Amino acid sequence: MPIILRLDRVMADRKISLNELSEKNLPIHIMSASYEELKNLSVVVTEEPDVLEEMVLFRDPESEKIYELSDDGIIITQRFAEKYEISAGDEITFESDEKEFTAKVSAVAENYTAHFVYMTESLYEKLCGEAPKTNGVFVIMSENGEKARE
């Protein structure tokens with residue numbers, strides 16, 4: 001199961017080597033956003049959707065169809081979609097750091113524990129007019145990393 005590390009925390013401890021502790025890692029832009037009364041929406045932006053798809057399974061909860069992240073829209077998690085009655089094809093607006101993002105939902109993916117939005121870097125740039133800044137790392141821990149966490 002992947003975990004997300006904030007770069008400011010990783011960089012504070014120079015003893016941490018992601019390459020030694022992780023099986024796979026992917027630099028990302030992660031931000032907190034709000035949607036209606038929901039304040040803990042996590043938005044993950046990646047330059048490498050193919051790598052993210054190796055780490056996160058974007059699967060339809062009913063048909064088990066596998067989705068791919070594209071520049072055409074965002075993928076949201078099932079828990080978020082069900083709570084707010086959002087479906088693929090809908091357009092949603094969420095806020096982060098005084099910026100509004102309005103995007104088409106291209107797919108709803110299985111996830112029962114959190115509220116996530118996933119998008120490509122190109123879509124992020126199109127929606128807000130600037131490139132995202134890498135501030136986190138999506139990590140799949142290796143056996144060495146799991147032992148180091150104990």
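A residue is called buried here when its relative accessible area is under 20%, exposed when it is over 50%, and partly exposed in between, as judged with a 1.4 Å probe and protein chains only. The structure is a predicted model, in which local features need pLDDT of at least 70, side-chain atom pairs count only at pLDDT 80 or more, and totals for chains, interfaces and linings use all residues. Residues are numbered from 1 along each chain as its sequence is written, and side-chain values use heavy atoms, with hydrogens and water left out.

To begin with the overall layout, the chain contains six helices and eight strands, where helices (H or I, at least four residues) and strands (E, at least two) are DSSP runs numbered from the N terminus. Read from the N terminus, the order of elements is β-α-α-β-β-α-β-α-β-β-β-α-β-α. Of the 150 residues in the chain, 43% are buried. The chain exposes about 8900 Å², of which carbon and sulfur atoms supply 42%; such areas come from the Shrake-Rupley method with a 1.4 Å probe, and for residues only the protein chains shown count as cover. Taking contact to mean heavy atoms within 4.5 Å, residues 24 or more positions apart account for 70% of the contacts with a separation of 6 or more.

Two strands pair if DSSP finds at least two bridges between them. Strand 7 pairs in the parallel sense with strand 3 (residues 38–46) over five bridges, and F116 is the bridge partner of S42. With strand 4 the direction is antiparallel, and two bridges join it to strand 7; here V117 has I76 opposite. T120, which belongs to strand 7, is buried at a relative accessible area of 3%. Beyond its neighbours within four places in sequence, T120 is in contact with V45, T46, P49, L69, S70 and D71.

Most residues other than glycine have a negative phi. E64, in the loop between helix 3 (49–55) and strand 4 (74–77), has instead a positive phi near 65°. E64 counts as exposed because its relative accessibility is 53%. E85 lies in the loop between helix 4 (78–84) and strand 5 (91–96), and its phi is also positive, near 50°. With a relative accessible area of 72%, E85 is exposed.

The second largest pocket holds about 150 Å³ of space. Helix 4 and strand 6 (99–109) are the elements that give two or more residues to its lining, and helix 4 supplies the largest share, three residues. Among the lining residues are D60, Y67, Q78, I86 and V108. A pocket is an open set of points on a 1 Å grid over the protein atoms alone, with protein on both sides within 12 Å along at least five of seven lines, and where a 1.4 Å probe fits; lining residues have an atom within 4 Å of a point. Grid points are joined across faces, edges and corners, and the volume is the space filled by probe spheres set on them.
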